[in-house]
Every structure is written in structure tokens, then in C-alpha cells.
Amino acid sequence: MSVEFLYPEFEVIRNDNRCIACRVCERQCANVVHSYDSDNGIMLSDETKCVNCQRCVSLCPTRALKIVKSDCTLRENANWKDATIKEIYKQANSGGVLLSSMGNPNPLPVYWDKILINASQVTNPPIDPLREPMETKVFLGKKPEMISRDENGKIKCDISPQLELSMPIMFSAMSYGSISYNAHESLARAATELGILYNTGEGGLHEDFYCYGENTIVQVASGRFGVYKDYLEAGAAVEIKMGQGAKPGIGGHLPGTKIVGDVSRTRMIPEGSDAISPAPHHDIYSIEDLRQLVLSLKEATEYKKPVIVKVAAVHNIAAIASGIARSGADIIAIDGFRGGTGAAPTRIRDNVGIPIELALASVDQRLRDEGIRNNVSLVVGGSIRSASDVVKAIALGADACYVATAAVLALGCHLCRTCQSGKCNWGIATQRPELVKRLNPDIGSKRLVNLMTAWRHEIKELMGGMGINSIESLRGNRLMLRGIGLNEKELQILGISHAGE
Amino acid sequence: MKRVYANEKWCLGCRLCEYNCAFANSGEVNMVKALKGKPIFPRIHVDGDESINFAVSCRHCKDPLCVKSCISGALSIKDGVICIDHNKCVGCLTCILVCPYGAVSEGKNGVVQKCELCLENSCGEPACVKGCPNNAIVYEER
Amino acid sequence: MKQYVIIGNGIAAAGCIEGIRSTDKDSKIIVVSEEKYPVYCRPLISYYLEGKTDLVKMNYRSSDYYEKMDCEVIYGHKAVKINKDSKEIILDDEKVIAYDAVCVASGSSPFVPPFAGLDTVEKKFSFMTIDDTLALEAAIDKNSKVLIIGAGLIGLKCAEGLKERVAEITVCDLANRVLSSILDDECAAMMQKNLEENGISFMLGDSAERFEKNTALMNSGKTVEFDVLVLAVGVRANTSLVKDAGGDVNRGIIINDKMETTIPNVYSAGDCTEGNDISLGANRVLAILPNAYMQGKCAGINMAGGDSIFDNAIPMNSIGFFGLHAMTAGSYFKENEGGEMYEEKGAGTLKRLFTRDGLLTGYILIGNTARAGIYTSLIRERTPLSSINFDLLKKDTTFAAFSRESRINKFGGAV
């Protein structure tokens, strides 16, 4: 072929005995992998275009297709791995920054998998969630330090605004533009049905979704896209996005080709113009500056809505969180380095930031140590994959979790990690109308509700096993956790004992 | 009466309904055996252009032109469902001539075929609806 | 309780019975059937010869039909007179039947021109009824040479039905093309070619001058030897009952869009009538099965006191020979009549769409007839072509040519 040739990463294996040449694969592949050879009546595949999104595999009515990893490998080298070498080739071809999507795929430690949960035996009986009431409801926001009474002895209830969640989970920020209208509608409807919240991301709020405002967090990011009075008033809370786990220290860049029609109107920028979110907020260079924005947003929303400050988990996260907790913010959201994205420079995604487990443990401890833990609620995200991850996060000190990757998986995403191409065959990370329509929000919202309902059942099971009947009683209860295969330092940061201790 | 309705907003034009229909009415238990290497005879047809798709099948009209026009008495209404007696049909195609929806087509063996809501096969519910990946075809009362 | 009388027992009569019963479940219905069979599908007689159906399957309705419909059928008798003043029908056995409303569904009869020497032909048949068919069947064998006079629908279907059962078939017609009433020259040539390829011989622009036993002496001077003669020159509407009773009659019995004749309480439906062809904008005998049923049903509803209108009749035919199908509908206006034609030709296919004054008035489709009903409905519903994307529709019978709103109307609810 040529010096630029890279052997395709995947091979399309078609079982010709099964293939009925219905051409569904061809019609469903926006990457144009499949084609029909009318002379011979057979299907052909061009795997150089395949991203292994599995859309064709899922829709093939006779299970005639599978996509496998190519076994054409470069000579083995523990230092120069296949992927590393190919990245060199790509950059030698293009001269450009490598782009990737979704979360860090590298085999870095996943601490959730090295933490085990306790269960009650004999002396403190477990609770059967099928027979006993279990409370998963949480309130997010600043909590009073002590109970205070007025001159008549009545309890004073003038606490800061709170978010009420039926379970300690929210759908984290994904902008309209990075994901489709139908993906947003699915999230909004599911959040409403579940009694939780979803997050607009930084792309503004489509006019059709103002009706879901009570279950919406509106985000204010460095690009300030789509931010105006009605937008701030529409949501149940306002989130200031300082950073994102997948690309800490980096802004965003939605190419002008995606700024069309409703996306342009919702972002309030001209069609075809690039939507550039600067790396910093240009008006925030200190906690004091942040405090100004927090208070400005509170002023704009008449102090009725909690303000969230979202930051990426980075090295000094405990000190940063301490500052935010003093800025007037009600909630701190911390995004770990495995968090997803619609597009990020590969080097940033794979090498910047720290694991959310460690960040959470150290932030919770720092805020406690400084006596300001009740100033804020903590929400953590960045690859919360299951109900047990949620339970572990709560026990490490979180008030609630943000999930996004799991949510888009429920919507059909197969983690092919090519969101940046804009050709999402599942209708999620795309603005092409013929692809967007592949995600019917009737189905999408139902699947999200199913997923969260299942998690809620599992959370109750795990809580019941520990003999805990309220999620609030689990928060920061690190005695319920033990580490496995962790060294002293890791256990110290996590604030947990080793299994067997 | 429950009918099959297509929602063009959600139709992807993937044509799975056509294949599921042809399979459901093939009498075979395996789709590969039923459809591989053969012309298919679906009773539902995906219509549309570059921008919009929608599946068209028998509307089960209350006052059906096909039944009134059938020269062999093969078409009849049973409990609101327009049925065809393949034994009586001689393949004159007059029903195709009159059906304003283009929902009757030539089938195998020179007789015509049309959607009978999968009541005549072992599918139980319309196969097109069951197999639609995007709820673009529904079976409901309106 | 009323008493309804239906004269005739064909498809129009069945429509009429079903129309009456949709409105009046109790009153008496009397059907006068000249033929001794329950209602059967007359166009199937050629399929019977071909072996595609049998006498049982040819029944239009189930065996308990008249019982279920609570009808009395008088078989083997013919109505000879309508006495409009006393509201009575007189049968050929002088039986008198009173009526509150009567539907004349007397159909049509074969027209046999006065050929010289026809009486010398031993085996000669019309091709309209089961009896004609059974008699014809009894007269043929594998060695028969058959001469069919008339290359219209009846003559050609007869030829197709007989093809595998006789040795030779020749069809002659005074017209210079086959199916002259529904096809133009080029389309007719296509159908003729297919028929010829399947072994039918033609002598067009020529007909028998006289017969001498088994020989036909043609106008052209040629002679044709035959064993069996089928006369399929044409049909004439049976109008005499209404005409004799003083009703308006032209080539068929004149009816309005409620199927009323000009005599009070006397309705008419089917091949004996002449009604408005909306594609032509004029009256015409539309002797086709769908119209017979629809007219019958409309008449029945109105006879029983209901309110029904059938005002969008058009000629339309689906006809196929040896696997090649042709569909035609409406009227084909020529350029000097203000018409326009769109044409598409393919391998073995031909499409001609005729438009005038922003409406589709007619079409001819040969070979590919899929979803032709979409075109038919444009003619019947007089859909303004400006309201649809006709440029798209003429190439492909797709509903993408209609607006989203009209698709929602068409497909969105029960129709």
C-alpha cells in the first residue's frame, strides 16, 4: 500500500453461511464499512473504516457478523507496544495532536476494584431490603453545623437551598452538541422519572427541555455558551465547570461544522463558528474570583439554587476543594481521571489527573480536618461503573455520584471511543439527523430508568448487608471498607484498613 | 382494533421489518434457512427518500377497496382484519390495482399477499413491530 | 318490514345484499337468479379452464351465504317486467313479487353479430357464464383448433385458459390491436407479442365474413379451419326491464350517484348500468367487477333507507396473460384534447401516465404493476398534482411524494 498504511485494528468476520444479504449492516454503518456486491449477491466489508461500534453486529438479524481484534501485530516489544508505535506512525503521517474520546483506557489502578465492602454477621444483623424500608434519598447542599432555635424555642429551618435526589446518583454533564438532542431528551426524561438530576453540560439548554428544569443542572463553563437569565433560572442548580477529569487544564473545542441549527441557537453562537471553551475562566484566577462568580450566580438566581463547582481531580485537589468549600459554593463535584469525554487530546486524557477514589478520600478527610465538611456536599464522578462503585464512593465520603459513561452505555454506546468523528452509529455523539434519529428517547429514557432502578435495588442490597438502612448513615463510614492488595500509602490516603485487619 | 402504525420520525430505513416479516410468514424456524439466497416476499414495505423513511403495510381499512374489488372472493374481513384466502386467490392483481396504500403485493406462487397482523402465522404479534430496533413501528389501538 | 327485490345474482347483487344488510337486518330480500348457481366469480371462468380454480372455489361467498344474509333466492327464473305503479315484478313464470325497492342487477349479455352461416357451425360458444364454460370444456380436446372472435378481455382470457388444453388457438378482431378498449397501439403490441410468444395466433384488422361449418371465411379473403368457435365480440347491457318500464336508458341503464334509476324505488347496479366516469367527466358503461360491487352496495344501503353515494367510478382493469400483467385505469386524453403523457420504458415494462388540467386522468402499466393503486387513488380522489411531488411519484410509487401531513392523515389512524 504505502508507508502510511496501518493494518486495520479490527476485522469484520462475516459468516457467509448465515448472511442473507439483507444489507441492514450496510444501511446502519455511517462509516461505510459494508457494501453490497450486486454482481455476486454478497456483502463486502472494508475494515479500514471500522471503529468496532458493533452497530452492525447488534442489528444483524442472523448473527452473521462479528468484529474481532486484528491479529496482525507488530513484533512484540514490552517497551514499544503496538499502540505506542502506531501512534508514532499516525503523528508522523499527520503532524497533529492525537485525539481520543471517552475515558482513559490504560491499565492504571482502579481502586474501586481493590476495595471490599463489609457485611453484618451475628452481632449486628443485616437488613432485608425486600421486607424493611430502605432510604436512598439524599439532599445536596450546605448543611447547618448545629440545630438552632428561635425565641419561641422552634427549630430554625432557614437552611441553604438543597437538591433532593431519590438516590445518590446524577447524570453528569454532557453538552448538547457533544451529544445529540435525543440523547439529551432521554437523560432529561429519565432524570425526571427517577427523581434525580441531569446536567446540561456547557452547550446551553435546548428550548424544548426547559420543561424538565426541576431535574436539570445548568452548567456555566469557560465558554459561557447559552448562558443567560432564563437559562440560569430554568435549572434546579447551577454548576460552574472549572475542569473535567478527562482533560484537566484543557479547554474544549467543538468544530464549527457541528455548530448548526439548534446547536448554534442553543449555544447562542453563529452557525459554523468554532465553539472554543478556554482552558481557564478568564475572570477566575483565585478562590476570591471564583467566589465572585458563585455569588454572582446566586444573586442572579435569588439565592434559591445551590451552586456547584466542578473540578478535575488533580494533585492538589484537597487544597483546591478546601478553597471551593470556602467560596460560597454549596456542592463540589470532583471528576476523576477516568472520566469520559466527547473529544480530548490523547496525551492529556491518558496522563493528566488522578484517580477519583484517592481524590475523594483526601478531600473528604481535608474538609473534615478543617471543620468545613458541612459547608458543601461532595459529588464524585469519573468512571462510576456500578452500584458497588456508588456504595464505595459514599462510604469513602461522597454525598452522591455523577455517572455519564454508564448512562451513555445504557443509551446504546458501545465504547468504540470515536465520538470525535461525529459519526456515532448509535445516535448519541452525533448531530447528523439520520444518525440522531437512531436514538428514540422513548427507548433511551426507559433504558436509563431501568439501569438506575437496578442500581438502586443493588445499593439497597449492599446497604442491607451492612445493616444500614439509610444511605446517609453510610456516608464517610470507611469502617465498611477494606483494601485488598494495596500498599500502606494507598490505604493511608483512602483511610481504610487492609482486608483482614 | 389494534393496527400496525409506522412513525416516520423514528424509522431508520434499515428494512429489518421487511426481513422479519418475510421470515415470520415463511413457515420456517430459522431465518437463514427461510431467506438465504431467495427472493423475499415481505408484506411490509419501507418507503421513503434520502431524508425520511417509513414502513407501509395494510391499513385494514374499515371500508376496504381491495375486498370490494376482489374478483375471486379471496379477500374478506374477519373481526376487522383483512384476510386473504391464498387458496381462492387466482393472482389477478385487482387488489394491487385498487389499494391506495400500495399495501398488497405479489407473493410466491402467483397469488397475492398482504399483512394479516401475524395472526395467521406462529409469531403471535406482528413480527415487524417486535423486531423494530427503534419503536418506529407500533401495534396499538388508535 | 319491507321487501327488497334484486334482479340478478352476480357481484352487484351480492354488493346489494350486503348493502341492505348493513342497514336493515330484518326485512325480506328476494333475489331473482336466472342462472342456477349461487353468486360466483364470473371473471374466474378462464382460470377454471386453466385449472387455477375449481367450481367450489369459484363461489364468491361461503356456502351458507344466503342463509346468513337471510335471503330468498329464486333460481332459474327471469324477471320479465317491472310494474312501477303497483311496485311489482313479474317473473317469466308469471309469478308476481311485490317490492318496496328493487335493484336491477341484470348484467350484460354477449353480443353476437349476424354472421352469415353461423348456424352451420356446430361447436360455437359464448364465454360469459359457468354454463358457457362447461359446454366449451366439453367440446374441446387436445387436438382442437379454436377460433376466437374478439381480442378483448374476454376473448384473450379465454385463449389463455384454453392454451394448454387445445392444439391451436387463433384470435381475430376487426380492431387492429388487442385489448383495443383499454390499450393504445404500442401497449397492445407489447401484450400481443407476449401472447404470440406463448403460442396464440392473431388475425387483427380482420374478422369472419361468413362461416361454412368448420371454416371461417375472413374479410381479408383468408380462410381459417377450426373445430371450436368462441364468440367474444362484446357484451351489451341488459337494459330492457327498465326501458320497458319507462326508465331512462342509453347504452346502459342511467343511474345517479345514489344508484337510482329515473323510476322511483328502482335502483340499478353493475354491468347493466351507465354512470359517470369521473376520469372522463361523462357517462359510460363501466362493466368491471369492482364497480359492480361498489354500485351494488351503494344501491343496497340506499334501498334500505341509508344514505350512500358512489361518485368516483372510473374504468380500471388488471389483466395478465402468461405472467405478463397490465394495469390500466381512467381515461387517456391525447395532446389535442389537452392531455399530457409521461412515459417510461424498461426491459419488458412500460409505464404511461396521462395527465390533464393538473390531475392524473389515467395510466397504463405493463410488466411492473407494483403499488399501482397509489396511482389509481390519485385518479379516483382527483388529487391535485400540485399538492404532491408528482415528478417523484411518476418515477416511483412512493409516499415520499406526499406531504408529511397527508402521510399522517393516510397512515396515522384507522381508515
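How many bridges join strand 20 of chain A to strand 21 of chain A, and do they run parallel or antiparallel? There are 2 bridges between strand 20 (residues 481-483) and strand 21, and the two strands run parallel.

Before the rest, some housekeeping. This is a predicted model, in which local features need pLDDT of at least 70 and side-chain atom pairs count only at pLDDT 80 or more, while totals for chains, interfaces and linings use all residues. Residues are numbered from 1 along each chain as its sequence is written, and chains are lettered from A and ligands numbered from 1 in the order in which they are written.

Strands here are DSSP runs of E of at least two residues, helices are runs of H or I of at least four, and both are numbered from the N terminus. Two strands count as paired if DSSP finds at least two bridges between them. Within the pairing, Gly483(A) sits opposite His498(A) of strand 21.

Now chain A as a whole. It has 16 helices and 21 strands. Its radius of gyration is 24 Å, close to the 23 Å from the globule rule for 501 residues, so chain A is as compact as a globular protein of that length. The radius is taken over C-alpha atoms, and the rule is 2.2 Å times the number of residues to the power 0.38. Of the 501 residues in chain A, 49% are buried. Buried means 20 or more other C-beta atoms within 10 Å of the residue's own, exposed means 12 or fewer, and partly exposed is in between, with C-beta atoms placed from the backbone.

The domain assignment, automatic or from a database, gives chain A domain 1 (10-96) and domain 2 (138-145 + 168-498). Their C-alpha centres lie 33 Å apart. In the contact between them, domain 1 of chain A puts in 9 residues and domain 2 of chain A puts in 7 residues. A contact means C-beta atoms, placed from the backbone, within 7 Å.

Next, how the chains meet. Which chains have the most contacts among the 2 pairs that touch? That pair is chains B and C. There, 36 residues of chain C are in contact with 31 residues of chain B. Helix 8 (289-303) and strand 22 (316-321) are among the elements of chain C that each supply at least two residues to that side. The chain C side divides into 19 nonpolar, 12 polar and 5 charged residues. Ala, Val, Leu, Ile, Met, Phe, Trp, Tyr, Cys and Pro count as nonpolar, Asp, Glu, Lys and Arg as charged, and the others, Gly among them, as polar.

Chains A and B meet through 14 residues of chain A and 16 residues of chain B. Helix 1 of chain A gives the largest share of the chain A side, 3 residues. By class, the chain A side has 6 nonpolar, 3 polar and 5 charged residues. No contact joins chain A and chain C, and their closest C-alpha atoms lie 16 Å apart.

Chain B has a hairpin in which 4 residues join strand 2 to strand 3. Strand 2 (residues 45-48) and strand 3 run antiparallel, joined by 4 bridges. His45(B) has Val56(B) as its bridge partner in strand 3. Strand 3 (residues 53-56) is covered on both faces, with Asn53(B) and Ala55(B) buried on one side and Phe54(B) and Val56(B) buried on the other.

Most residues other than glycine have a negative phi. Arg23(A), not a glycine, has a positive phi of about 70°. Arg23(A) lies in the loop between strand 1 (10-14) and helix 1 of chain A. Arg371(C) also has a positive phi, near 55°, and lies in the loop between strand 26 (359-366) and helix 9 of chain C.

Is each arginine buried or partly exposed? Arg23(A) counts as partly exposed because it has 16 C-beta neighbours inside 10 Å. Arg371(C) counts as buried because it has 24.
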